[in-house]
Amino acid sequence: MSCSCPSPVDGFAFPEDQIVAARERHGLLSMEIEFSLVCNFRCVYCYNDGEPDEPPLTSSEIDDVLQQAKALGARKIVVLGGEPMLYPEIKQKLLTVRELGLDVEMFTNGSHMTPENARFMFDHDIAVVLKMNTLDAGLQNRLAGHKDAHRIISAAAENLAAAGYPSPGKRLAYSTVICEPNLEELPDLWRSLRRRGIEPYFEMITPQGRANESDWLFVSSERQRELFEELSRIDREEFGRRWEPQPPLAGNRCLRHQFSCLVNSRGIVMPCVGVTIPLGSVREEPLRDILDKSEVMENLRDFPNRIKSPCSACGKVRVCYGCRGAAYQLTGDYLAADPLCWHNQGKSIERLPADVTPYVPHRRPMLMVDKLLSIGERCARLRATVTPDNLFTDENGLLDDTIYVELVAQAIAALHGFHQPARERDDHRGFLLGAKNFVVSGEAHAGDVLEIDLRKVGRLGDFGVVAGTIYRGDVETAHGEVTVWQTSEGTESS
């Protein structure tokens, strides 16, 4: 399935004051969860592109994390997949959620939505989001990667209608990805769903998983804008609904990272299905601890001060940050501007890997780190090249052992500078305070390319402890911890 964000219908979304409160307490209003990745469809736009090696969460592990979500303030559980209806204990798990006093929103391709199962959903107030991308049978089958997809989805729709969907308290939405083959029919489909009381849940495709193998799906940003504006006009003129067009959802805005997270089928916690940065595992530590200490979630909660240009200069920056999934998948940076937003077309957007020169006060030949390769949860990987003019090599080109500490320090400075808004990088200040347990176990010579792995160990105010490991190829060359002081007004210290 594609990235699923809060629905525009009352009962699916949350009031602004509740979102603010959840953000301030590092709590939840909703949690997305995958019970299993087993699926009988092979949708060409799906974010999941294969079964993982790790075993899925056990039934008791799922129950435990549901209880943890409630303790964090969650009011709703969003069930993703895989196909939830293929999970052997799906009814029991839905009942567990309801017995916890939580609402349920389940995304389904319609498989096994028999009259009996549809009635079960209705009787237990399960909000159903049916994945239906087009009324064209052949196209639906192609998009779903299943020769009978249209029949399965249509039968599910009929059974849900017969059970009483939609009606007050019995929510039904259709999840539709916006793609080139279905683009022309979407305005009429939107009207049809509105007239039937079904919520249209139209969203842009996140470029990940199988979608990256399907270039024929993608719609230009300008045509996305035209569609969103047309749907907004239809809602305003024909249904009395007003909303401002903005990606990635038609009729709504996605600020999910203020109040939600994803627990995938292996227990890995991530910000969402698009921002695939592991924050921790519920098999190893409590969900509360994972969310409390997550630097990624902290930065996303503070998005008006953290999102980068050109999004940071947009007048909507306090109510929109585009699609964080698209930004991360296309740039490697979860705080980058959304490259798919029509407002950003033709504008410069930072992407990884990136030259570190703009992010550090050092200059060559003192500067030895040259590329920031990737960033994660309190970690990063950078590259350093030992150039022939390096100041710290001997007559044989051997790099002095004492310089490995400096390499780690420069890597920390580059990571810190990268996370700062561009307007604050000129005020980048920091000091290397010391090193601990630093061991040099190999050699590097002029011409060698080194990679530096950073992992933030601890922080107290502007002081931080960072573990660094340096590799030459696959061989570890040095490792240890360094203590730094870094600060810049208005930004987080490493």
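Predicted model: local features only at pLDDT ≥ 70, side-chain atom pairs only at ≥ 80, totals over all residues.
Leaving aside neighbours within four places in sequence, S175 is in contact with F107, V129, L130, K131, M132, N133, Y201 and E203.

Two of these contacts, F107 and Y201, lead on to the aromatic rings. A pair of aromatic rings is described by the distance of the centres and the angle of the planes. By the rule used here, the count comes to nine aromatic pairs. One of them joins F14 and F259, whose ring centres are 5.5 Å apart and whose planes stand at 70 degrees, so the pair is edge-to-face. This pair links distant parts of the chain, since F14 belongs to the segment before α1 (16–24) while F259 sits in the loop between α8 (221–239) and β7 (262–263), 245 residues apart. Both F14 and F259 are buried.

F107 and Y201 also form an edge-to-face pair, at 5.6 Å centre to centre and with 80 degrees between the planes. Because F107 lies in strand β3 (residues 103–108) and Y201 in strand β6 (residues 199–204), the pair ties together parts that are 94 residues apart in sequence. F107 is buried at 0% relative accessibility, and Y201 is buried with a relative accessible area of 2%.

Elsewhere, W190, F202 and W243 form one aromatic cluster. Charged side chains also meet rings: K170 lies over the face of F122, 4.5 Å from the ring centre, and K308 lies over the face of F418, at 3.3 Å from the ring centre.

Key:
Residues numbered from 1 in each chain as written. Heavy atoms only, no water. Contact = heavy atoms within 4.5 Å. Phe/Tyr/Trp six-rings, centres within 6.5 Å; stacked < 30°, edge-to-face > 60°. Helix = DSSP H or I, 4+ residues; strand = E, 2+ residues; numbered from the N terminus. Buried < 20%, exposed > 50% of the residue type's maximum accessible area, 1.4 Å probe, protein only. Lys NZ or Arg CZ within 6 Å of the ring centre and 35° of its normal.
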